[in-house]
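Here is a structure to look at, followed by some questions about the terms used to describe it and the values behind them.

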Number of protein chains: 2
Amino acid sequence: MTVKSEQTRQLVADVALRMFREIGFAKTTMRAIAAEAGISVGNAYYYFASKDDLVQELYLQVQAEHAARAAEALKDAADLTGRLKATLHTGLDAMAPYHRFGGDFIATAIRPTSPVNPFAAGSSAAREASLTIFRTAVEAAKPLAPKKLRPDLPELLWLCYMAVTLFWVYDTSEGQQRTRRLVDGAVPLITRGLSLARMPGVGRILDDFLSLSRSIRG
Amino acid sequence: MTVKSEQTRQLVADVALRMFREIGFAKTTMRAIAAEAGISVGNAYYYFASKDDLVQELYLQVQAEHAARAAEALKDAADLTGRLKATLHTGLDAMAPYHRFGGDFIATAIRPTSPVNPFAAGSSAAREASLTIFRTAVEAAKPLAPKKLRPDLPELLWLCYMAVTLFWVYDTSEGQQRTRRLVDGAVPLITRGLSLARMPGVGRILDDFLSLSRSIRG
DNA sequence: CCCTAAAATTGAACGTGTTCAAGAAAAGTA
DNA sequence: TACTTTTCTTGAACACGTTCAATTTTAGGG
């Protein structure tokens, strides 16, 4: 019975994510989820092996939302600055409803054993999807980024995105405006910094940086 | 009765930290700590309000160890490259015994509500102590760093140290050699990068970067 | 329709971190 | 010494995430 089963699974996920949003991670107990969904605790565990797995469900949903919003916003942005801003801001938009839950989310995600961990060995599907957003942001940007760092740029920018996310978690300003300002201020710095890559003195250091960066990831 | 009390507190801390090292964070239950220390569970809670507080105890101890080792190593290092390497490597030395526990530690520390959180609002004593190590590493370095970013340098380097720590947590190579190589490779890049600060095209971007960095922290 | 295997569901049970009323021990006071 | 107050200690109890043997429900074939 696949249809009813899928319904139950979806019900659990929906109830859990709604409760995450409305009352936070800690107060959303597995018992409360089950009660709200009208099923038994064990049944929730039949579909999600752990509470962390529900966090992964959330992660996937936020990411899909990010991809959709970014694709839309990137239509109107041609240069790298605009495209990067669009990518980062839509990312923040997608996370926004879960801000109060950010601390618990990041604590779950950062654990090396977590299925949600973005730095996990190998490339998890979730991380790959997130990287793809940055790849399309960079690839279609005109003017093109300096050739020598073009292949590494998406991954480096994705890393910046992780840093922004961390900042966002700690940002208690109204609507997380500080993070918005950080993005607006940092992105032009990044793109202007990239143009320095062609300067003679900078080039050698950049080569060494890229070589180190590759050896670390390889 | 202050002496006996202090003994009990110290006993709990010692037992807990030893168990963290030997069997990891998860297996070190509060009941196991109490049993090993020969006291009741409630009594352990009289001295440490939570298991996270024991993590803070560990954090303080590792930091004191770092400060001591760094002070020693900095005696033999004059230039910034050497001093930075010494500071980072002694930091890794101090953490080394707890590597298996790194994932749990960082998950605890990153939570905004955690007493151990290094990014916590205001300057926690722990963070200030860690920052001081970087301040002395920078201040006494010859030749001096470019004037315009000298005041911000310790904090920026401390941030790099946090990044290195994160890398270290995920580093499963024998003895975390990869992190050691990262330090040895990245530090010369940083110091060489600093000397670029005086180049005309770079200067303006750097100014903007520093201004953004200050507005974010202020 | 009935029977069997698989899928789905239940709820009690386990070990965990944490709390707290109660009591024991120590310190202070006379 | 006898008392009060403060400090320290206990162990049972609570809610939590998680597990699992048992049970019910469904799917598929005769």
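Q: How many salt bridges does the rule find across the interface of chain B and chain A?
A: In this predicted model, the rule finds four salt bridges across the interface of chain B and chain A.

Q: Why is the meeting of A:D208 and B:R192 called a salt bridge?
A: The N to O distance between the side chains of A:D208 and B:R192 is 2.9 Å, and a salt bridge requires a side-chain nitrogen of Lys or Arg within 4 Å of a carboxyl oxygen of Asp or Glu, so the pair of A:D208 and B:R192 meets the rule.

Q: Which elements give two or more residues to the side of chain B that touches chain A?
A: They are α6 (102-110), α8 (153-170), α9 (177-195) and α10 (200-217) of chain B, and the largest share, 10 residues, comes from α10(B). By class, this side of chain B has 19 nonpolar, seven polar and seven charged residues.

Q: What makes A:E57 and A:R9 a salt bridge?
A: The closest N and O atoms of A:E57 and A:R9 are 2.8 Å apart, and the cut-off is 4 Å, so the pair qualifies. Across the interface of domain 1 of chain A and domain 2 of chain A, the rule finds one salt bridge.

Q: Which element gives the most to the side of domain 1 of chain A that touches domain 2 of chain A?
A: That element is α1(A), with nine residues, and by class this side of domain 1 of chain A has 10 nonpolar, one polar and three charged residues.

Note on methods: Residues numbered from 1 in each chain as written. Chains lettered and ligands numbered in written order. Predicted model: local features only at pLDDT ≥ 70, side-chain atom pairs only at ≥ 80, totals over all residues. Heavy atoms only, no water. Helix = DSSP H or I, 4+ residues; strand = E, 2+ residues; numbered from the N terminus. Nonpolar A, V, L, I, M, F, W, Y, C, P; charged D, E, K, R; others polar.
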